Every structure is written in structure tokens, then in C-alpha cells.
Amino acid sequence: MRGAAKMLGEKYRLKVGLSGIIEGSLPIGGLSSSASVIICFLSALCKVNGIHLEPMEMILTAKAAENQYVGVSCGKLDQSCEVLSKKNHLLYLDTKDDSYELIPTSEKMKSYKVAIFFSGLERSLKNSKYNLRQDECKAAAYALMGYAGMDYDTFANTRLRDVPFEVFEAYKDRLLELWRRRAEHYYSELARAEKGAELWRKGDLERYGQLVFESGKSSIYSYECGCDELKKLYEIMADTDGIYGGRFSGAGFKGCCMALIDPDKAEDIEAKVTAEYLKAFPALDGKYSFHLCESADGVEL
């Protein structure tokens, strides 16, 4: 919240403070908790000071608080979801040019709810390998640009998004294996996002869910994030009837897994996942929790 006030105060005069209570019904860790707190606080601070932020200005101010004050090299995905989302819609977002589309849930789609499986372990991205993974992607992009003779900027401004897939295919064997795996994860995730939007429009929840499972698998084996507890949750979800698709929520350094599930099978899903997870990690009994959610609109006062 100090970071949010600092970033907002650099652009606008803040004359009024506020005192309040933060409440939430979901566990802290892996559910955009840092971004959500910043967004809520920024909204309230703007309200009492008579400041109006356009959606993208709100997103970038919140991102700056994390990048420049907290020290996490995050992008703007979490903040964008929390500001732009709309109930019963899929947010299809391009973080390069900030264009987005809200794709309505098709009438053909099977009913679903969002299940949250909290591992019982809170997390801090600042002290995880989150920032390192981003550097590894930049290193892969930097090397690929060099091999292909492409113009490139500083290391900090280098993105795999600026490297065509064809360049990766041509020079991937020259990369360090670790950098190649990180790049493979990136390009496959991009393809899944594009395919997922297409399937959501068609109302094909089962194939969309399969893409979510594939995303989780790539996160584990190619991006190499997640901890033992979340990997176990992923394995259990993938073997549970009624779960269309699931993966870590975010980077997977502790925190939560999420899944799209058949609401009619929610009780059976909760019982099976809970029993198998606590059998593997009995010390987390009383800390692990299950939550059933629905989609919602973005931030509002």
C-alpha cells in the first residue's frame, strides 16, 4: 500500500488519507493477492482525493508499485484481470499493445464453476525464482536475436514476444537447454492462449480445459516452477473426474491451484482432492482449504 501511494503521489497531489479494513474470503497466496490489495487501495485513495484513473492508468500504476517499490518483476496480467474482467466472460488480453476482448460464455457451454485448492503454503514472489525465470526468458530472446542477426535493445527491454517463432525453430538447438525449455514454454503458452480463445467462443469447455492442463504440465516441466505441494495438487486434479482443466494459479511458487469443474460433482471433487493431498502432506491439515467460486466483474467501489 505504501508503494501504491508512492506511485500515485508522483502523478497526483494526495491531500486525504484513509483508514480502513481489508477483508477477503479467499486465502492469501497465489490468487493475485498483492495486485488485488494494491488495486483496491488505489481505488479508495483515488475516491477520497477526487482522482479519476482510466483503466490502463490504474493497471500501470499498480504494476509500478510492484516493480519499483516491492521489487517483483511482474507484468500486468493480474492487474488487468482485476480491472477489466466481466462476469461470465473470458478476458482475452494482449499485454504488448493492451488490446483486449471480453468473450462471452457461449450458450452451448456446459455449466462450470472455479475451484480453488489452497496448498496451505503462503508465498512471496519477491523471494522466489519468479524474477529469475523472467531473466532466463530474456536471455533466450537475446541469444535468438543475436543468432538471427535481429536488431535488439537493452537486455531489460528484450522479450520473446519480439522473436518470431520461426527464429526460435531455426536456432533453438544453439540455446542452452535451460533457456530453450523456458522459450518452449513461452511459445506453447502463446499458442494455447490463442487456441483457448477460439474454443471459448465455440463453447468447447472440455477442450479448453485440456489446454489448461497442458499449461500446467508445461509450467512444471519446461518452465520449472511450482513446489512439491502444488505439483502434487496438479497431479491429483489431472486424475479427478469432473475437473475440466486445472493448473497453478500464477507462477506456482506455493499458493493455490485452480480448476474449472462440473458443479454437480463439486462435493466428490473436494473430497477426493482433499483426501489424496492430505495423505501426501498430513502436516498441512488445517491449513489446506477448498473454495468454490464464480467469475465476477472487475474492481468497483
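**Close-up 1. Packing of helix α7 (residues 177–202) against helix α8 (residues 205–221) in a predicted model**. The two helices pack at about 170°, with axes 10 Å apart; axes are lines fitted to C-alpha atoms over the stretch in contact, and angles run from 0 to 180 degrees between N-to-C directions. α7 and α8 are therefore roughly antiparallel (angles over 145 degrees). Contacts (heavy atoms within 4.5 Å) involve, among others, Arg181, His185, Glu189 and Trp200 of α7 and Leu205, Tyr208, Glu214 and Tyr221 of α8. The contact residues divide into six nonpolar, six polar and six charged (nonpolar: Ala, Val, Leu, Ile, Met, Phe, Trp, Tyr, Cys, Pro; charged: Asp, Glu, Lys, Arg; polar: the others, Gly among them). Helices (H or I, at least four residues) and strands (E, at least two) are DSSP runs, numbered from the N terminus.

**Close-up 2. Salt bridge between Arg201 and Glu101**. The N to O distance is 2.5 Å. Arg201 lies in α7 and Glu101 in strand β2 (residues 100–104), 100 residues apart. The structure holds 23 salt bridges (side-chain nitrogen of Lys or Arg within 4 Å of a carboxyl oxygen of Asp or Glu).

**Close-up 3. The second largest pocket**. Its space is about 270 Å³, the volume filled by probe spheres set on grid points joined across faces, edges and corners. A pocket is an open set of points on a 1 Å grid over the protein atoms alone, where a 1.4 Å probe fits, with protein on both sides within 12 Å along at least five of seven lines; lining residues have an atom within 4 Å of a point. Of 13 lining residues, Ser43, His52, Leu53, Met58 and Val299 are closest to the centre. α2 (33–49) and α3 (55–70) each give two or more residues.

Residues are numbered from 1 along each chain as its sequence is written. Local features need pLDDT of at least 70, side-chain atom pairs count only at pLDDT 80 or more, and totals for chains, interfaces and linings use all residues, while side-chain values use heavy atoms, without hydrogens and water.

Terms used. Angles under 35 degrees count as roughly parallel, over 145 as roughly antiparallel, 65 to 115 as roughly perpendicular and the rest as oblique.
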